[in-house]
Every structure is written in structure tokens, then in C-alpha cells.
Amino acid sequence: LRLYYVSQSTIDSNVVSYNQYDSIYFALTSTTTNVSTQDVVSNNLIHDNHYDGISFTSNNGPTMRHTFISIHGNEAYNNSTGSYVQFLDNSSVYSNNLHNNTDPLGENYGIGISSVGSTTFYDNIIHDNYNAGIGLYGDNGIINSGRYGPANGNSIYDNLIYNQNHS
């Protein structure tokens with residue numbers, strides 16, 4: 001599922017499997033508005049896909065943002081990363097089961113977080129991913145020349161994270 005130019009969309013109770021690219025993919029591009037808002041991804045079974053199980057990103061860098069997004073109740077396994085969120089603000093990622101994400105084409109996190117602000121990550125079960133359970137990174141404007149933007153004001157709590165191959 002590739003979603004461009006959307007707000008207030010709900011992706012609920014689907015099985016998404018055996019795809020060559022991102023499974024549930026929300027993107028802002030240089031031809032879209034500067035924000036998508038109030039999208040919900042819930043109760044999906046996402047497995048055996050290359051790249052990310054659930055992805056929120058922008059093809060135009062940190063000036064375009066996803067806001068008030070809710071990702072909850074999903075199970076994602078055998079993808080490159082269970083859920084990858086980028087350029088996200090004031091959102092929540094909770095009650096997901098993200099495991100065995102080891103596809104060699106990706107970063108292999110349970111949750112990959114890049115340039116996200118004021119977002120909560122809680123009550124997730126994250127295990128047996130090749131890389132870290134949660135990978136969080138931002139940009140100070142020097143290392144990556146402002147390509148990503150900062151990752152400030154996030155809360156990560158009450159997650160069960162175990163049996164990662166690397167930490």
C-alpha cells in the first residue's frame with residue numbers, strides 16, 4: 001500500500017505480505033502539501049516483505065512533516081524493519097509486536113526512528129530483530145548537512161525489548 005497526498009486515512013485489519021518494497025508506506029514528496037495529519041495504521045499483520053513493514057517518510061527532507069499519526073496494534077515480522085518513522089511529530093506508536101525483522105535489504109530494527117519530535121513509543125513488544133530493537137537518530141545540521149533534522153522531545157517507555165542480535 002503506497003499512500004501519497006493523504007490525511008485522515010485509516011489502514012486497519014489488513015494482511016500485507018510478500019511484497020518487494022515497503023508494505024504500508026505513507027510519503028510526502030516535493031509535489032505534496034507540507035503536512036499529512038491524523039493518519040491511523042492499526043491491527044494489521046505485516047510480514048515477509050522487503051524494506052519496511054510500516055513507513056512514514058518524506059522525500060523532501062525535514063520541511064515536510066507527518067503529524068498526529070497513530071500506529072498501534074500491528075504485528076510486523078520478517079521485514080527489513082518492523083516500523084520506520086521519519087519526519088513525524090506529535091504522534092504515538094504503541095501496542096505493536098515487532099519481531100524477527102532481519103531482511104538483508106534494510107536496517108533491521110524493530111522500530112527505526114529518524115528526525116521525529118514529541119512522539120511517544122510505548123507498550124511495544126520488540127524482539128529478535130537483527131539490529132537494535134529501537135534505533136533513534138537525528139541530525140545536528142553538521143554531520144548530515146540538515147538532511148534529516150533533529151529528533152527531540154520523544155518519550156520511549158514501557159516497551160518489552162529482548163533478544164536483539166546487536167545493541
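Predicted model: local features only at pLDDT ≥ 70, side-chain atom pairs only at ≥ 80, totals over all residues.
Charged contacts come first. Side chains of opposite charge can pair when their charged atoms come close. In this model, two salt bridges are found. One of them joins R2 to D22, with 3.9 Å between the closest N and O atoms. R2 has a relative accessible area of 40% and is partly exposed, whereas D22, with a value of 13%, is buried.

A salt bridge also links the side chains of R65 and D89, with an N to O distance of 2.7 Å. Here strand β9 (residues 65-67) provides R65 and strand β13 (residues 88-89) provides D89, so the pair connects parts that are 24 residues apart in sequence. R65 is buried, at 15% relative accessible area, and D89 is likewise buried, at 16%. Both values fall under the 20% limit that defines a buried residue.

Attention now turns to the surface. A nonpolar patch is formed there by Y21, Y51 and L105, which together have about 310 Å² of accessible area. One of these residues, Y51, is found in the loop between β7 (45-47) and β8 (52-58). With a relative accessibility of 32%, Y51 counts as partly exposed.

Key: Residues numbered from 1 in each chain as written. Heavy atoms only, no water. Salt bridge = Lys/Arg side-chain N within 4 Å of Asp/Glu carboxyl O. Buried < 20%, exposed > 50% of the residue type's maximum accessible area, 1.4 Å probe, protein only. Helix = DSSP H or I, 4+ residues; strand = E, 2+ residues; numbered from the N terminus. Patch = residues over 30% accessible without salt bridge, like charges linked within 9 Å, V, L, I, M, F, W, Y side chains within 5 Å. Areas by Shrake-Rupley, 256 points an atom, 1.4 Å probe, with all protein chains shown as cover.
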